[in-house]
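Here is a note for someone opening this entry for the first time. The points go through the sheets, then the helices, then a single residue.

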Amino acid sequence: MPNDLAILPFAHGPRPTLTRIRARHEQQLRQVFIGLASICHVRQGKKRLQWGHRHLLCGQDVLLLIAPGTQMNVTNLPKGGEYAADMISLPSALIERFRLHYPGQGVQARDASAVSSVAQDADVLRAWRHLQDCIREDAAVELQCQAAEGLLLALSLRGAIGGLLRERGDAISHHIEQHLLMLAPEERSLERVAAAFHCSVSTLRRRLAREQTGFRELLDKVQLGLALDQLQASSLPIADIASACGYDSPSRFAMRFRQHYGISPSELRQTLP
């Protein structure tokens, strides 16, 4: 199973992260949660997405723009026996930095679709390649962030920023999802999150209950999303991924993964090269 890129253990911290996804068989995944603003390019094959009542099928000629907090069903379709895609995730701190540096850019993002595609013109293609080079070559964090801002600016000037700059509203569950994504696995406890939001554990539970969710549900969504990234893009043993994601038991992790995505971790691994 190839792993041709040094992948960060998890997408926390201020820098953009690049994940390479490959498959030799069709992959069907339901309820895939994209916590951070993300940009995807399919290099081989096609990707089919379904969110709400909307569908999108895209290939090599476009960039796929996904708003933070989007949940969707995903099908990766190989061509000639291979599917390959690059996904870059942009932390919320980087999005805030772009807003500060370029006020007024991307204001149309509020009304944009959660998922959209944009054809690559010369500026967008140049900015996309530069950002990938900075991440692959492990450039300084500031240079990686600057390259990410350059891509956002190229997309915004084109009028095609999509939902990348979308703010997720005032719901506390949205803020907690974003917060959990930035934490190391051992820091993702209810007590620590309550303290970070300056309230008691019981108050946090009540506020989440008013939004018809709970801390365990949010934690599961975030951790399963991180586990999916690792399963698709690394050769780490499944048991190690389960442990790193906060699951004490690999069998419990496999059960939750199947319940959520409709496929077990080992079945997903069998679709990879």
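**Notes on the strands and helices**

1. Strand 3 and strand 6 (residues 62-66) are paired in the antiparallel sense, with 3 bridges between them. Ser-38 has Ile-66 of strand 6 opposite, and Cys-40 has Leu-64 as its bridge partner in strand 6. The model is a predicted one, and everything below should be read with that in mind.

2. Strand 3 (residues 37-44) also pairs with another strand. Strand 8 (residues 83-90) joins strand 3 over 7 bridges, again in the antiparallel sense. Here the bridge partner of Cys-40 is Met-87. Cys-40 therefore has a bridge partner in strand 8, namely Met-87, and one in strand 6, namely Leu-64, by the DSSP bridges used for pairing. As for covering, 6 of the 8 residues of strand 3 are buried, and the strand is mostly covered.

3. These pairings belong to an open sheet of 5 strands, in the order 1-8-3-6-9, with antiparallel pairing. Strand 1 (17-23) and strand 9 (115-119) are at the edges; each has a single partner strand, so one side of each has no neighbour in the sheet. On average, neighbouring strands here are turned by 25° against each other, with direction ignored.

4. Another open sheet has 4 strands, ordered 2-7-4-5, and its pairing is antiparallel. Its edge strands are strand 2 (27-34) and strand 5 (54-58), each of which pairs on one side only. Neighbouring strands in this sheet are turned against each other by 20° on average, direction ignored.

5. Within that sheet, strand 2 and strand 7 (residues 70-77) run antiparallel and are joined by 6 bridges. Phe-33 stands opposite Gln-71 of strand 7. Helix 7 (residues 215-233) packs on the sheet and touches both strand 2 and strand 7. The direction of helix 7 makes about 135° with that of strand 2.

6. Strand 4 has partners on strand 7 and strand 5. With strand 7 it pairs in the antiparallel sense over 5 bridges, and with strand 5 it runs antiparallel, joined by 5 bridges. Strand 4 and strand 5 form a hairpin with 2 residues between them, and Gly-52 in the turn has a positive phi of about 55°.

7. Helix 7 is largely enclosed by the rest of the structure, because 15 of its 19 residues are buried. The length of helix 7 also agrees with expectation: at 1.5 Å a residue its 19 residues should span 27 Å, and its end C-alpha atoms are 27 Å apart.

8. Helix 1 (residues 92-101) packs with helix 3 (residues 141-157) at an angle of about 65°, and their axes are 10 Å apart. The crossing of helix 1 past helix 3 is right-handed. From helix 1, the contact is made by Leu-94, Ile-95, Arg-97, Phe-98 and His-101; from helix 3, by Glu-142, Cys-145, Gln-146, Ala-148, Glu-149, Leu-152 and Leu-153. By class, this contact has 7 nonpolar, 2 polar and 3 charged residues.

9. Helix 4 (residues 172-182) and helix 6 (residues 201-210) pack at an angle of about 120°, with their axes 9 Å apart. Ile-172, Ser-173 and Ile-176 of helix 4 meet Leu-204, Arg-207 and Leu-208 of helix 6. The residues of this contact divide into 4 nonpolar, 1 polar and 1 charged.

10. Ala-196 lies in helix 5 (residues 190-196). Its relative accessibility is 36%, so Ala-196 counts as partly exposed. Ala-196 and Thr-213 are 17 residues apart in sequence and 19 Å apart in space, C-alpha to C-alpha.

Terms used. Residues are numbered from 1 along each chain as its sequence is written. This is a predicted model: local features need pLDDT of at least 70, side-chain atom pairs count only at pLDDT 80 or more; totals for chains, interfaces and linings use all residues. Side-chain values use heavy atoms; hydrogens and water are left out. Axes are lines fitted to C-alpha atoms, for helices over the stretch in contact, and angles run from 0 to 180 degrees between N-to-C directions. Contact means heavy atoms within 4.5 Å. A crossing is left-handed if the near helix is turned anticlockwise from the far one by less than a right angle, and right-handed if clockwise. Ala, Val, Leu, Ile, Met, Phe, Trp, Tyr, Cys and Pro count as nonpolar, Asp, Glu, Lys and Arg as charged, and the others, Gly among them, as polar. The expected span of a helix is 1.5 Å times one less than its number of residues. Buried means under 20% relative accessible area, exposed over 50%, partly exposed in between (1.4 Å probe, protein chains only).
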